[in-house]
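Have the structure open as you read.

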Amino acid sequence: MRKEKDIFELIKQYPEQTETNDAALQEAKSLARKRYGRQAQLRRRRWLMRFASVAVSCVLVFAIVLPISLLFSHNQMTELPNDPSGSVEPQPEPQPEPEPEPEPEPPSDGIFFLTEDLTVSPVSDTERLQAENGLSFAYFTEGALQTSAEAYYVSEDRSYAYFMQYSFFIDEFGFDTVNLGVVSSNNTFEAFDAYAGLTEELWVDDVHVLYSVSYADSMAQIRCTFQENGNHYFLEIRGAGTEGVIEKYVTLLFS
Amino acid sequence: MVLQKKRLVSLALAGVLAASLLTPCFASRTSASAMAYSSEGPAAGSSELVSYTIEYDSYIQNNDHRRVHVASYNNKNPDHTNSCTAVAGTNIIGTYDKDYPNLIPNFEPGAINGSVYMYYPNVGFPAVTGLMDTLYDLMQVNQVAPGATEQQCLNGLSQYVTGKGYDISYSSVYENSTTVDLDKIEDMVAAGKVGIIFCSKFNYVYGFVFNDDAKTVRVSKANYNSAHAMMIYGYIVIDYYKDGQKFLSETYLQATSGFSTADKGYIKLNDYLTIESAYVVNISE
C-alpha cells in the first residue's frame, strides 16, 4: 500500500518536474526513445522470438519425457513400504496416507450461489409460497413450540432459491433448536456448504441420511442432509440428546 | 517528439486523477471510527467461498476458552438494511439478558436444557425484533451513511443499556489487524462476558466436518471484502499432527455471523482479516 501511495505521489509531482527541469525532460525523451523507438521494437521482437523458441522446446521436452517418467515411477510408488518413523503424539497405529478429499462438485446442471447473490423475505404462509413457485416440499407443521420461516431469492432476477425454517421443540428431556433448509433444485448454495463432506449415514424408513454429530458443553450439534422427491433437505439440530434424534425429526418432517 | 510529450503529459494527468480518486479510500481506511459497518449479508461481488480440506494423522482441539451458548439472531425487518451493528448489538443484549433481565423486559432468551442454559433459536420473537428496531434507531443506522460507524454503534448500545438501568463499558481486545488479545478473550469467557469486533474485511468459518476414517477435516469457509460488525464470545485452537509432528495450528475466534442465516461460527485468526477494533462489552448492575 505504501509503495502504491509513493508511486501516486511521484506521478502527481511529475508535471511540475517536466515543466521546470529541461534536463530531466531531455533525459525522459532519451529514455522514451530507447524504450519505444524503432531499435527498441527490433530488440523486443528478437527477444520475443528467442523466448518463443525456448518455450516451444520446453513444451516438447515435457510432452515426451513426463509421461514416460510417470509410467515408470507409478509401479515403484505403489510398492513402497509404510513409513516406520516413530511419532511423538499418541498414534494408534501407522495408517496409510489418506487420499485428499476432493471438494464436492455441484450437480452438472446446477448453479452455485453465494449468499451475497441472494435476498431474503419472511414467509408467513408456506403453502402459498409453494403454490406460487410450483414447489412441493416437507416442512414442520406440528410439534414446534415456535417456528418462523424465510424464503431466499436470487437478487438478480428474483427467482426462488431456497426455504429456511427455524423452530424449537420441547419434550420431557429438554428442548431442541432445529433449523431446516430445503432446496428444490439442483442449485447449490454457500449457506449449506457446511453440509458438504458428511459421511456418517443411516436410513430412516426409505430416506438415506448423511450426518455428523459434534459435542460441546453437554450439547450436541447434529447436521444431516437427505433427498426426497427431488428436494434436498438440510437439517441442523442442537440439543441435549443424540439418541434417535435424527429419526425423530426426519419422521416428524414427513408425517 | 510532440507525440512523446503528449504521452508524458497524459500519463502525468492520469496519475494525478488516479491519485485524487484513490486518496479518499486510503483516508477512510486509516480511520476506523469513521468507517461505516453495513453488511448484514455480504455485498455483491465481495465474497468468495474458500472451503478447504486438511489431512492429518491426529488432531487436538482445545476448547478451554470456547463458549457454546449465546444468543444469535438475524434481522427480520425487511425495511432495515445495512444492519449488522444492530444485529451484533441485539445478540449482545440478548445474551446478557439471561443475567440482566431488565435488558429485554418481559422476555426470557432461553431456558435450562438438561444441565445448561440454552438460548432459544432465531424464531422471530417480537421482543427481539423490537430490540433490533430500537438499536437500529439508536445506532443511527443509514442516517448519515449506509450502515453505522463504530462510534455510532457503541454509543447506541450504551444508550440502550444505561436506559435500562445498567452500566456499560468497553475494554479493547485488539492486538493487530489479524488477531485479538487471546489472554483478554480468555478472561472474557471466564467472566461470562461477550464482545464485539469491527472488521473492514473478514473471513467466516461456518463449520468443520471431521472424517475420522479418512483422517480429514473439511473447513467450510468464506472470505468477505466488506466492513462488518459481529458479536464475539470465545475461541478454539485446533492443532494437527502428521508423522508425530504438529504441522498446523489454527485459531478460530467464535462469532455470530449476523447474516440472515444467523450462524454461530468462527473467524479464522491470522488469515483473510482486517480487524479495525474489538472490545469486550462489560455490562453490570
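A patch is built from residues with over 30% relative accessible area and no salt bridge, with like charges joined within 9 Å and nonpolar side chains (Val, Leu, Ile, Met, Phe, Trp, Tyr) joined within 5 Å. For the charges, Lys and Arg count as positive and Asp and Glu as negative, while His and the chain ends are not counted; each charge is placed at NZ of Lys, CZ of Arg, CG of Asp or CD of Glu. Areas are Shrake-Rupley values with a 1.4 Å probe, and for residues only the protein chains shown count as cover.

This is a predicted model, in which local features need pLDDT of at least 70 and side-chain atom pairs count only at pLDDT 80 or more, while totals for chains, interfaces and linings use all residues. Residues are numbered from 1 along each chain as its sequence is written, chains are lettered from A and ligands numbered from 1 in the order in which they are written, and side-chain values use heavy atoms, with hydrogens and water left out.

**The negative patch**

Which residues gather in a patch of negative charge on the surface? They are E200(A), E201(A), D212(B) and D213(B). D213(B) sits in the loop between β11 (194-211) and β12 (216-224) of chain B; helices (H or I, at least four residues) and strands (E, at least two) are DSSP runs numbered from the N terminus. D213(B) counts as exposed because its relative accessibility is 74%. The labels work like this: buried is under 20% relative accessible area, exposed is over 50%, and partly exposed is in between, with a 1.4 Å probe and protein chains only.

**The two chains in numbers**

Contact below means heavy atoms within 4.5 Å. Chain A has five helices and 10 strands, and buried residues make up 35% of its 255 residues. Of the contacts in chain A with a separation of 6 or more, 53% come from residues 24 or more positions apart. Chain A exposes about 16,500 Å², with carbon and sulfur atoms supplying 56% of that.

Chain B has five helices and 16 strands. Buried residues account for 58% of the 285 residues in chain B, and residues 24 or more positions apart supply 74% of the chain B contacts with a separation of 6 or more. The accessible surface of chain B is about 11,000 Å², and 51% of it belongs to carbon and sulfur atoms.

For one residue inside chain B, take S158(B) in helix α4 (residues 150-163). S158(B) counts as buried because its relative accessibility is 19%. Beyond its neighbours within four places in sequence, S158(B) is in contact with I168(B) and Y170(B).

**Salt bridges**

Side chains of opposite charge can pair when their charged atoms come close. The rule here asks for a side-chain nitrogen of Lys or Arg within 4 Å of a carboxyl oxygen of Asp or Glu, and by this rule there are 13 salt bridges over all chains. Three of the pairs are listed here.

| Pair | N to O distance |
|---|---|
| K76(B) and E150(A) | 2.8 Å |
| R223(A) and E236(A) | 3.5 Å |
| K184(B) and D181(B) | 4.0 Å |

E150(A) is buried, with a relative accessible area of 3%.

Now the pair inside chain A. R223(A) forms a salt bridge with E236(A), and that pair links distant parts of the chain, with R223(A) in strand β9 (residues 219-228) and E236(A) in strand β10 (residues 231-239), 13 residues apart. R223(A) counts as buried at 10% relative accessibility, and E236(A) is buried with a relative accessible area of 11%.

In chain B, K184(B) is partly exposed at 41% relative accessibility, whereas D181(B) is buried at 17%. Salt bridges that share partners also join K221(B), E250(B), K268(B) and D271(B) into one network.

**Two positive phi values**

Q140(B), a residue other than glycine, has a positive phi near 55°. Q140(B) lies in the loop between α3 (126-138) and β7 (148-149) of chain B and is partly exposed, with a relative accessible area of 35%. D243(B) is not a glycine either, yet its phi is positive at about 50°. D243(B) is in the loop between β13 (228-242) and β14 (245-256) of chain B, and its relative accessible area of 44% makes D243(B) partly exposed.
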